[in-house]
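We will go from stop to stop, picking something to select each time.

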Amino acid sequence: MRIILASPESKVWSSRKHIPLGLGYLAAVLREAGHDILLYDAAVEDLPLDYYLDKAEEEGKPYRLIGISSATPLIQDAWEMAALAKKRGLITILGGPHLTIMPAESLGPEHPYVDYTFKGEAEHGIVEFVAALEQGKRPEDLGIPGLNFRHNGEIIISPESPMIEDLDALPFPAHDLFKIDRYTNLQPLTDGLDPDARSFTILTSRGCPYKCTFCSKPVTGDTWRGRSVENVIAEWRWLVKDLHATEIGVTDDIWNLKLPRAKELCRRLIEEGLNTTPWITVHGMKVNHTDPELFQLMKAAGAKRVGFGVENGDPWMLRNVIRKGQTIDQVRNAFRWAKAADLQTMGFFIFGMPRDTEESMEKTIQLALELDPDLANFMLAAPFPGTKMWDMIQEEGNVFAHEWSDLAIHDAKARFTINDGVYDPDMVVKKWREAYRRFYLYRPKRVWEKLSKKSFWLDLPHTLANARRFFIGEDAQTADARAAAGGKIIQKVA
Ligand code: B12
Ligand code: SF4
């Protein structure tokens, strides 16, 4: 069957474009089952979806099915894409994080163009689903775990698709189907835009046993499942030797959970001579699963930069609100060891968790200045359904949002309040901007680092737009805007 696997064009701000790896996995299993797949990532496509649909019809081999992936802030865009495809006669199925949390919402009467939704990891389910369509059967009748649909006017939600235990049994993602030259390098805000980048990502494991209260990991879940080192090395070799990767991003939730395995992976990269392609840990490592040797091995294995989720500088906040399972001393050690191994460092910090006060946010700024990573990423807390933080706000406060896209991370606005007489969303935005100014603007060393980079001047309009966004802002979230947003999102069907 001819199938399109698509990611909608995101209207939420992002400085980077990365391959949608989940779709890469689905493309791989469907290709293995003999289907013809087009990966359509609207973020990098010049041509509209209609172009591919017209062309396929002209060739007499039309596409029959479109599978669309969506995170929560992108769901409106996913609906628009599904509506367009439905008009052209395709069967539509939506999957990904948002559909795993809210599988019924997209099957409601407002979205008649969505035929199916899917909860959870879909490598097994999608193959069964497509086989049924091809054989003229109704997938609804097969009890496929994860598959949701309408039946006699009712929305039927199936049990979640079981997590895949043996990740080694999966084929590698269909990296070769991505138009890789159209993606940005992994961290253009830090490295500048490299027009020749061929940046791939890799998942060495899925899931994370920690339960940070802000973290939404509906798909990969709380059970850590690691691939064998040899299986990872084989994919890495394909990326470096055959697909000519210029950099690789490890995008696991927590790749270093098992310290000996992480070290073994580095040793094997060195032995295989795969350490000439730089790699980074895109979303961070966990500080309390590190030691000096790990960082030295990473450096020798080609790692360029490591990131850590620091989140907050107040030990009480870390322990009682964020429940990060790490101490500030462990944070300090990890930064020290990584720097000693000559790795660049990044720190991720969150402003405006429930209970955050001016004092605790000040401690966060102080810690960022003390750790002095090469890149500090200050984020405003964004509540996603399914997290502890979301539940807390539902009980004690109000979300300022009227559509899901209002929850986008990196939008320069407070997204909620807690009615405890202490929490102040305006103070949150003020301290957040202050963090950017104090870290990047008020220290001559930082300013000079930026000005002396070629990329600063080559990409000046982009750089200035980012500067405005982080340092000045648009003050869009006035009291009126909050009132217009109507307080809470109406949670339709869970
Ligand atoms: C790498 C990554 C990115 C990359 C690449 C994005 C991408 N499209 O893959 C970048 C940096 C660009 C990115 C951006 C964003 N991300 Co991101 N990202 C991740 C990360 C760390 C890994 C994604 C991944 O590869 N997962 C592993 C694969 C195997 O899972 P998967 O992609 O979900 O796909 C599986 C299933 O969902 C399902 N499936 C997926 N699509 C479909 C489609 C169909 C039809 C079917 C049937 C099934 C199906 O099958 C797949 C295979 O098992 C996750 C965390 C995580 N652990 O998932 C966050 C995560 C997905 N991101 C998140 C967010 C919020 C965003 C942004 C919206 C941030 C923002 N600006 O506000 C943007 C959205 C951009 C976009 N186009 O999606 C949240 C989503 C939370 C939520 N409730 O939706 C997550 C869970 C992080 C978190 N803990 O908060 N992200
Ligand atoms: S933030 Fe990181 S450590 Fe915490 S639960 Fe999420 S993936 Fe795990």
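Colour domain 1 (2-156) and domain 2 (187-486) separately: their C-alpha centres lie 29 Å apart, with bounds that come from an automatic or database domain assignment. This is a predicted model, where local features need pLDDT of at least 70 and side-chain atom pairs count only at pLDDT 80 or more, while totals for chains, interfaces and linings use all residues. Residues are numbered from 1 along each chain as its sequence is written, and chains are lettered from A and ligands numbered from 1 in the order in which they are written.

Now look where the domains meet: 18 residues of domain 1 are in contact with 21 of domain 2 (C-beta atoms, placed from the backbone, within 7 Å). On the domain 1 side, α3 (75-87) and α4 give two or more residues each, and α4 gives the most, with three. Helices here are DSSP runs of H or I, at least four residues, and strands are runs of E, at least two, numbered from the N terminus.

Next, select ligand 1. Which residues are closest to ligand 1? They are Gly-22, Gly-67, Ser-69, Gly-95 and Pro-97, out of 44 that surround it (C-beta, placed from the backbone, within 6 Å). Helix α1 gives the most to this shell, five residues, and both domain 1 and domain 2 supply at least three residues each.

Finally, select helix α9 (292-300), where Leu-294, Phe-295, Leu-297 and Met-298 are buried (20 or more other C-beta atoms, placed from the backbone, within 10 Å of their own). Viewed down the axis of α9, these residues fall within an arc of 160 degrees, so they line one face of the helix (the arc is that of directions from the helix axis to the C-beta atoms). Their cover includes α8 (259-271), β13 (303-311) and α11 (328-340).

Methods. Buried ≥ 20, exposed ≤ 12 C-beta atoms within 10 Å, placed from the backbone. Contact = placed C-beta atoms within 7 Å.
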